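Student: I have a structure open beside its sequence, and I would like to learn how to read its features one at a time. Could you take me through it slowly?

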Amino acid sequence: MYSFMGGGLFCAGVGNILLVISTATDYWMQYRQSSSFTHMGLWRYCVPGKCVLHTDSIAYWDATRAFMILSIIACFFGIIIGVMAFINYSSFSGFDKTFAAGILYFISCFFVLLAMAVYTGVTVNYYGKRYGKWRFSWSYIMGWVSVVLTFFSGIFYMCAYRMQEPRGPMSR
């Protein structure tokens, strides 16, 4: 049981770090503009020599930002509850921290999956038709890696929950 929880905490910790880095950095997409690459993130875009904040309120950027922030928050609270379950901290009796952490990791995975799907769909549809030389960059890829890590965190914690559940006909 503890090996599943340890694996889940490791995946969640790395996933949350990747979520924060992915959300904060400016390398979601790159495209060639007059012989040099320009890169863009959720908060600003950068041309060679300077970076400028996005001043437009474009719906898909706002949705992607919101889902990424919600994912970071859910994963962070999942880590806190997961650590409490791992060390058997018992301030809340009747509250299964292993199950709650697993659910929070799945919620985090769902939010980051929504963010990545919205960003991917709109970006491919818009830039794929207008620009020839563009590509997703490393911040975007880190977002997809965090989808996998938060999903496996949830799986590991649900496995740990199933292992601690009493079994047999007399247990219920």
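This is a predicted model: local features need pLDDT of at least 70, side-chain atom pairs count only at pLDDT 80 or more; totals for chains, interfaces and linings use all residues.

Student: How many aromatic pairs does a search of the whole structure find?

Tutor: Rings of Phe, Tyr and Trp (its six-membered ring) pair if their centres lie within 6.5 Å, and planes under 30 degrees apart count as stacked, over 60 as edge-to-face and the rest as tilted. Here the search of the whole structure gives 19 aromatic pairs. In one of them, Tyr27 with Trp138, the ring centres are 5.3 Å apart and the planes lie at 25°, so this pair is stacked.

Student: Which parts of the chain does that pair link?

Tutor: Helices (H or I, at least four residues) and strands (E, at least two) are DSSP runs, numbered from the N terminus. Tyr27 belongs to the loop between α1 (2-24) and β1 (29-33), whereas Trp138 is in helix α4 (residues 138-164), so the pair links distant parts of the chain, 111 residues apart.

Student: Is Tyr27 buried, exposed or partly exposed?

Tutor: Buried means under 20% relative accessible area, exposed over 50%, and partly exposed in between (1.4 Å probe, protein chains only). With a relative accessible area of 27%, Tyr27 is partly exposed, and Trp138, at 38%, also counts as partly exposed.

Student: Which residues are buried, and where do they lie?

Tutor: Among them is Ile79, which lies in helix α2 (residues 59-86) and counts as buried at 19% relative accessibility. Another is Leu18, found in helix α1, which is buried with a relative accessible area of 16%. Leu18 and Ser139 are 121 residues apart in sequence, yet their C-alpha atoms are 8.6 Å apart in space.

Student: How do the axes of α1 and α4 cross?

Tutor: Axes are lines fitted to C-alpha atoms, for helices over the stretch in contact, and angles run from 0 to 180 degrees between N-to-C directions. Angles under 35 degrees count as roughly parallel, over 145 as roughly antiparallel, 65 to 115 as roughly perpendicular and the rest as oblique. The axes of α1 and α4 come within 7 Å and cross at roughly 155°, and the two helices are therefore roughly antiparallel to each other.

Student: Which residues, by class, make up the contact of α1 with α4?

Tutor: Ala, Val, Leu, Ile, Met, Phe, Trp, Tyr, Cys and Pro count as nonpolar, Asp, Glu, Lys and Arg as charged, and the others, Gly among them, as polar. The contact of α1 with α4 divides into 18 nonpolar residues, 9 polar and no charged.

Student: What do the axes of α3 and α4 do?

Tutor: The axes of helix α3 (residues 97-130) and α4 come within 8 Å and cross at roughly 160°, and these helices are therefore roughly antiparallel. Their contact has 20 nonpolar, 10 polar and no charged residues.

Notes
Residues are numbered from 1 along each chain as its sequence is written. Side-chain values use heavy atoms; hydrogens and water are left out.
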